[in-house]
Amino acid sequence: MSLLTRIFKKSPNPLPPPPPPREEAPKARPTAKTAGQHKPEQLGGQALSGVRQIIAVASGKGGVGKSTSAVNLAYCLIALGYKVGLLDADIYGPSLAIMTGVGNPEEMQGALVVPPIHQGIKMISVAMFASASSAQILRGPMAGNMIKQFLTNVAWGELDYLLIDYPPGTGDIQLTISQTASLAGAIMITSPQEIALADVRKAIAMFGTLKVPVLGIIETMSYFICDSCDKKHFIFTQGGGAKLAAEFALPLLGQIPLAAEITASSDEGKPLSLHRTSSPAAQAYRAAAEQCLSELGRLSQQNTAALGSFTLHWKQ
Amino acid sequence: MNYPAASAIKEIWQKDPRTLAATWLDNRQAQWDVVALRRQCPCAECVDETSGARKLVPEQIAESVRPLVIRSVGRYAMAIEFSDGHRTGIYTYDLLRKLSQQ
Ligand SMILES: Nc1ncnc2c1ncn2[C@@H]1O[C@H](COP(=O)(O)OP(=O)(O)OP(=O)(O)O)[C@@H](O)[C@H]1O
Ligand SMILES: [Mg+2]
Ligand SMILES: [Zn+2]
């Protein structure tokens with residue numbers, strides 16, 4: 001019995017079991033040696049076949065605003081007219097339902113779970129399947145398996161972009177997600193402080209090993225705009241995002257102000273990018289979303305210029 | 001799927017009897033001496049897997065060694081079959097980028 005089913009059993013709406021797992025080819029574990037020598041297999045053909053591009057919102061560091069950014073970017077993309085899905089992959093700190101007020105899944109489509117839709121965005125979160133306390137006890141491979149099912153057993157349907165809100169860290173779970181989905185790119189979230197940067201570097205290295213292009217960096221809590229003077233006050237050490245961007249030759253996709261309204265709106269389940277689109281923070285997210293898209297576009301173009309397979313016979 | 005510019009190739013060709021040349025996607029040019037490539041083969045026969053120490057003795061590779069055929073591997077590497085019968089080396093673009101003389 002699959003993990004998702006087991007968890008479903010405990011939830012108020014039991015659902016039929018997902019399909020038996022596909023025969024998997026011997027797994028390419030992303031050790032330094034094998035990574036990059038095997039293209040990660042695209043699993044969940046049926047569930048993900050209508051998804052045009054899957055984008056990771058990750059950091060390596062906890063509490064820097066990944067979930068807040070993923071949610072706000074998703075609303076920006078919807079506002080720009082795209083079809084969007086959002087997967088909250090954080091087993092240990094589910095937050096999507098709180099941040100948006102999205103409901104629980106209630107239907108199956110064949111063997112796939114139909115994700116609830118909130119303001120046009122298809123959303124799936126761990127919190128929808130298990131109480132927070134039972135999610136907490138999932139460890140290692142179990143957690144990885146569960147995330148795999150969120151990708152492969154959900155009726156994502158036709159989407160332009162599926163955003164994955166990554167859990168903090170660079171361990172097995174993050175690797176599992178990155179290998180299950182064929183990621184078009186990763187957006188790195190950081191706060192400006194030096195202490196965040198070390199973990200973000202690790203995450204950039206992880207995506208590098210897996211040949212997932214990093215689209216760029218979004219710095220959150222960059223500055224504070226006070227009510228009395230409209231100036232930007234830099235509270236934390238300045239320039240962490242810019243420093244990383246320079247170090248890895250990546251674009252700084254955006255700088256999001258530190259704003260009490262971000263936290264308040266998240267706690268109320270009313271994301272800023274949906275309810276207060278004219279606020280400076282929502283505007284900053286909007287600009288960042290546009291930067292992400294142009295970066296994705298640029299990468300796709302480059303991709304077409306790249307040589308596919310070749311054979312070169314040496315003239316002796 | 002997209003790949004970073006630094007690890008994708010736009011063009012690759014034989015420049016002269018012992019020089020391989022390529023243009024990366026970011027338009028930078030690269031050249032490799034094929035004998036040096038053979039001596040820097042990253043395969044498990046040539047490099048100790050655990051210590052990373054080189055097992056191959058560069059002097060034992062003849063100056064006359066040449067590739068026979070070079071094939072792409074996925075989007076991230078190329079495999080080179082050499083005239084001395086050695087064909088297990090998979091050169092990732094990351095490695096080639098490091099080994100190249102601009
Ligand atoms: N720009 C901002 N201004 C003010 N508060 C913010 C901002 N961005 C995020 N926060 C707040 O910081 C806290 C952490 O944010 P969030 O949950 O998005 O981080 P995370 O990286 O997803 O954390 P975790 O690693 O636990 O998943 C939340 O309380 C959130 O409301
Ligand atoms: Mg989070
Ligand atoms: Zn070798």
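**Exercise 1.** Which polar backbone atom is 2.8 Å from an oxygen atom of ligand 1?

*Solution.* The model is predicted: local features need pLDDT of at least 70, side-chain atom pairs count only at pLDDT 80 or more, and totals for chains, interfaces and linings use all residues. Residues are numbered from 1 along each chain as its sequence is written, chains are lettered from A and ligands numbered from 1 in written order, and side-chain values use heavy atoms, without hydrogens and water.

Step 1. The backbone atom belongs to A:S67, 2.8 Å from an oxygen atom of ligand 1. A polar contact is a pair of N or O atoms within 3.5 Å; within protein, one must be able to donate a hydrogen and the other to accept it, and residues adjacent in sequence count only if both atoms are side-chain atoms.

Step 2. Look at the side chains. An N or O atom of A:K66 is 2.8 Å from a ligand 1 oxygen. For A:T68, a polar side-chain atom is 2.5 Å from an oxygen of ligand 1.

Step 3. Check the cover. On its own, ligand 1 has 620 Å² of accessible area, and the protein covers 77% of that. The areas come from the Shrake-Rupley method with a 1.4 Å probe.

**Exercise 2.** Describe the shell around ligand 1.

*Solution.* Step 1. Ligand 1 is surrounded by 16 residues, each with a heavy atom within 4 Å. A:G63 and A:P257 are among the closest.

Step 2. Sort the shell residues. Eight are nonpolar, six polar and two charged. Here Ala, Val, Leu, Ile, Met, Phe, Trp, Tyr, Cys and Pro count as nonpolar, Asp, Glu, Lys and Arg as charged, and the others, Gly among them, as polar.

Step 3. Find the helices. α3 (66-79) and α10 (260-267) of chain A each supply at least two shell residues. α3(A) gives the most, with three. Helices are DSSP runs (H or I, at least four residues), numbered from the N terminus.

**Exercise 3.** Which residues hold the donors of the zinc ion (ligand 3)?

*Solution.* Step 1. The protein donors are B:C41 (SG), B:C43 (SG), B:C46 (SG) and B:H86 (NE2), at 2.1 to 2.3 Å. Donors are N, O and S atoms within 2.8 Å of the metal (3.2 Å for Na, K and Ca); water is not among the atoms, so sites may look incomplete.

Step 2. Read the spacing: C-x1-C-x2-C-x39-H.

Step 3. Judge the geometry. The four donor atoms make angles of 102 to 118 degrees, and the site is tetrahedral (four donors, all angles between 85 and 135 degrees).

How values were computed:
Tetrahedral: all angles 85-135°; square planar, octahedral: opposite > 155°, others 65-115°.
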